[in-house]
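Visitor: I would like a tour of this model, with the criteria behind each label. Could you show it to me and start with the terms?

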Amino acid sequence: MLIQKSGISGDATILSTDKTKTKYDELSYLVSRQCLLQEEFNQLSQYDRVKSSPLDTFKNAIRSCNPFAALLKFIPILQWLPKYNCKTDLMGDITAGITVAVLQIPQGMAYVLLAGVPANVGLYMAFFQCLVYTVFGTSRHISMGTFAVVSLMTSKVVVSYAALPSLTTSIVNSTYSVSSEPSDDPQYTPIQVATAVTFVCGIYHFLMSALRLGTLSSLLSEPLVSSFTTAAAVQVIISQMKDLVGVSIPRYRGAFKTIYSLRDLIEQVPNSNPTAVYTSVIVISFMIFINEYLKPRSCCRFPIPAELIVVVGGTLASYFIGLGPNFNLTLVGTIPVGLPAPEMPPISLFKLVAVDAIAIAIVSYSIVMSMALVFAQKDGYEIRPNQELVAMGATNIVTSFFSCIPTACSLSRSLIQYQSGGKTQITATFSSVLILMVLLWIGPYFEYLPRCVLASIIFVALKEMLWQVQHIKKFYREGSLELLIWMVTFLTVVLVDVDIGLLTGVIISLVALYIRGWKSYYSLLGTVPDTAIYVDLGSHNRAAEIPHIKIFKYSGAINFASRATFKKALTKEVGIDQRLLRRTSQYNATGDGAGLQIIRTVIIDLSSVPHIDTAACKVFNEIKKDMASVGVSTLMACAADCVYDTLIHAESIGEGGFHIFPTIHDAVLYAQGSMSTVLDV
């Protein structure tokens, strides 16, 4: 029976009504029921331990299957496009789409050269991959297409299997020298190798989605994502510094390439092009002024497209002043026109590139998810990891027929898309339309754009990402493990390589997760007078221990790995050590051991134990026997249903016979009643 009464009323039987409402702190309740064992309570609540068979589970899944809902989940554009708000989102999407498209033209061409394929492939990726991702993707702000790290990883495969032996040099010089030596082996072009890698990466992404491996993105903890994106931004900025100051340095691959590039950059600083430096400073200052001071104070609903102004202005200035021929500035150069004809990647290459494609598929997915999570957290929307795998799989497979290399999202373009007002995936549609116009007609007009202008745009866009280094203070306050993950991941990505740094960060995150799970919390509980509430004796000063009863609470799973830790913690907190148990068990039959301690009952609180196994049941049985040898009974309380089921199942293997109670108070009352019976006898 439960009676609720008002603290201001003397009549305990008067219940609060809608007309007379009382405050929360004026309410009290009184529960009157008999003391129950867990088994008795389960009978009262009609607890059912029957688990459905696999066949029943399959039948229920079939009954609950909704093909239309499944289609909407598989093609997210069918969900959000009908709800698209033209009034609030269209203008920002148009501006961001145009801005990102203009940046994709030179950036895509430059990044695909790293992969050892012709420059026009970058434009194909900007068109086809953005369109496909718009249909299947769930992130509103990432810009799909070329990414430097994925291009470099693809180049390793291209170098290994393409028929151009001098490809390593050609990536730097943008020229190919064909080998004249005859060979009986099949001869593959760089495009064929790259598209085969793209197709296999898409297959891997679909397989990962089918196996529900999108949950692996949960391993991308906040310190890992923060450090990885910050370090990747450092790498991209260092790669753009040569254009900012107008120097030429060799391009390195593999571990420590950032260190080598930085060394060469420092050596080449005296040879900087003054015009490139002045242009970069002017562009960076202008964009910072627009983004930091003018945009926040602007009352216009149309966002100021600083990046677009800079690109158009830089192109016009370069054309009329002649920055390329007169001041020796590096320009974007020739932009080819036209669309590729669809062509199936060579099937014979799939087996050759299968192993290398695994690393590319994982790294590209990690990059996409880390950036998508950053923007989703800022704007408060949901990213579906498994659907992102579907989107990447569809993007890679479809675009592999159109001469594209594996897709990823660009840090700089994604930030520019976000900062220039992009609201939805429609941004990519406008970007693709503009890229199509460039491919067909407008391309030659951007040939005069200086590369230092693009490098300046990238530098300003990554500024916010670089400021994430301030997160070190937050992670330091959160704990040493978070700080360790951030520091090690950042240093490994910057100093060694992106894929090695990401792998290192994931491994350290897993180790930290294991340490947190292995490091359990335990304490002795006491009760606050007149409350029947049991709390930690070490934290609550008014809590008092119940005479002759020890209540032990353990937080964490108890299994074969933690059973020794649990038993050691219990014997330590309860105050009965193993040597005493062994010594008293030898002469307990004579009754001499009964006076060695005043503890009569040990209650184990299982409310914070999510899982146990048979090894834990054996430990419980050992503890029960050890305690019984010195006249101490062992009770259990607050077991979750899954834990209770395991304890009952242990009886079938001879490890059961436990006294289990639904609450700690039931166990306390039972223990006090048992002690009274013993004393009366």
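Guide: Gladly! Helices (H or I, at least four residues) and strands (E, at least two) are DSSP runs, numbered from the N terminus. This is a predicted model, where local features need pLDDT of at least 70 and side-chain atom pairs count only at pLDDT 80 or more, while totals for chains, interfaces and linings use all residues. Residues are numbered from 1 along each chain as its sequence is written, and side-chain values use heavy atoms, with hydrogens and water left out.

Visitor: Where does E388 lie?

Guide: E388 belongs to helix α16, which covers residues 385-399.

Visitor: What makes E388 a buried residue without a salt bridge?

Guide: Buried means under 20% relative accessible area, exposed over 50%, partly exposed in between (1.4 Å probe, protein chains only), and E388 is classed as buried. A salt bridge needs a side-chain nitrogen of Lys or Arg within 4 Å of a carboxyl oxygen of Asp or Glu. Lys and Arg count as positive and Asp and Glu as negative; His and the chain ends are not counted. For E388, the nearest side chain of opposite charge is R384, 7.9 Å away, so there is no salt bridge.

Visitor: Which residues touch E388, not counting those up to four places away in sequence?

Guide: Contact means heavy atoms within 4.5 Å. The residues touching E388 include Y133, T138, I142, Y365 and M369.

Visitor: How do you know whether L606 is buried or exposed?

Guide: The relative accessible area of L606 is 0%, which is under 20%, so L606 is called buried. L606 sits in the loop between β8 and α26 (614-629), and F620, M636 and L647 are among the residues it touches. K553 is 53 residues away from L606 in sequence, yet their C-alpha atoms are 6.7 Å apart.

Visitor: Why are β6 and β10 called edge strands?

Guide: Two strands pair if DSSP finds at least two bridges between them. The open sheet has six strands in the order β6-β5-β7-β8-β9-β10, with mixed pairing. β6 (534-536) and β10 (659-661) each have a single partner strand, so one side of each lacks a neighbour in the sheet.

Visitor: What makes β5 and β6 a pair?

Guide: Strand β5 (residues 521-527) and β6 share three bridges in the antiparallel sense, and pairing asks for at least two. One of the bridge partners is V535 in β6, which goes with G526.
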